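Good morning, colleagues. Please bring the sequence and the structure up on the screen, and I shall take you through a few local features.

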Amino acid sequence: MHKALDALLDLLDLEQIEEDIFRGVSRSAIIPRVFGGQVAAQALVAAGRTVPEDCLAHSLHAYFLRAGDPGAPIVYTVDRIRDGRSFTTRRVVAVQHGQPIFHLSASFQTYEEGLEHQAPMPPAPDPETLPTAAQMLPRYADHFLDPGVVDRMLEARAAVDLRYVDAPPYGSIGEPREPRSQVWFRTNGKLADDPLLHVCLATYVSDMTLLDSVLLAHGRGGWATGDVVGASLDHAMWFHRPFRADEWLLYDQESPSASGGRGLGQARIYTQDGRLAISVIQEGVVRVPR
């Protein structure tokens, strides 16, 4: 297994300090605050550890309340809202320095048969034909305010093989285009057969690129180029069908709206054989510096 993936799995292996109370630590981020995908994934781990093994996560709804301090532990308190025959609901609050920084509600369901239909998978090239992050990012080093960002981005994403179908926002600065972005991703190594682990890792990755399509619509390069500042505000996911995060997943993202200093991203995540696995919606602050 890739050392970076090993480190990420350790990050998600929360310490239980009391019944329904867990503690997590943070890893180095590209910017001096806790990566939102990490907090969301850790909160889902905490929730998942309080439900029966046959209950699988089917949705989460979360708010990012404050920037997290990467140098301090995060305490996750789980509230057992409901334990039903089919559905189980948990609420998780993440706290640092005595203040809530993140709030998550998650719902779990025991497996059952039901009606089946899905939106078809959009066309996308074979991920193996696309450049890796290590091949792509150095091309854009001169677009960033700090050339060291390339190394930090590669380090922060080393646990995940993430490949853009088209140029990322920082690759087409000043050229507005269709507000749509596609990336393929999978973990850099095999994972255990634990459905919660795969859901948590997809949650972690889902916060990496979802607002790209907002930037594309306006020809903006992103925070690393200095032409916008931003942060995640809220995040919602629905897990429709089983999937593995260590196998290729297509993250098909678009932005229907930006206004009031906020941008909305929505996406569908498909398995390589075309099954719709996850739906995602996120709103974030997207401001032009004055």
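Glycine 226 counts as partly exposed because its relative accessibility is 33%; buried means under 20% relative accessible area, exposed over 50%, and partly exposed in between, with a 1.4 Å probe and protein chains only. This is a predicted model, in which local features need pLDDT of at least 70 and side-chain atom pairs count only at pLDDT 80 or more, while totals for chains, interfaces and linings use all residues. Residues are numbered from 1 along each chain as its sequence is written, and side-chain values use heavy atoms, with hydrogens and water left out.

Glycine 226 lies in the loop between helix H6 (212-218) and strand S9 (229-239). Helices (H or I, at least four residues) and strands (E, at least two) are DSSP runs numbered from the N terminus. Which residues does glycine 226 contact, leaving aside neighbours within four places in sequence? They are Leu145 and Pro289, where contact means heavy atoms within 4.5 Å. Its C-alpha atom is 9.6 Å from that of histidine 143, which is 83 residues away along the chain.

The largest nonpolar core has 69 residues, and Tyr76, Phe102, Phe144 and Ile278 touch the most other members. Such a core is a set of buried Ala, Val, Leu, Ile, Met, Phe, Trp, Tyr and Cys residues joined through side-chain atoms within 4.5 Å. A second, separate core of seven residues includes Leu130, Val165, Trp184 and Tyr270.
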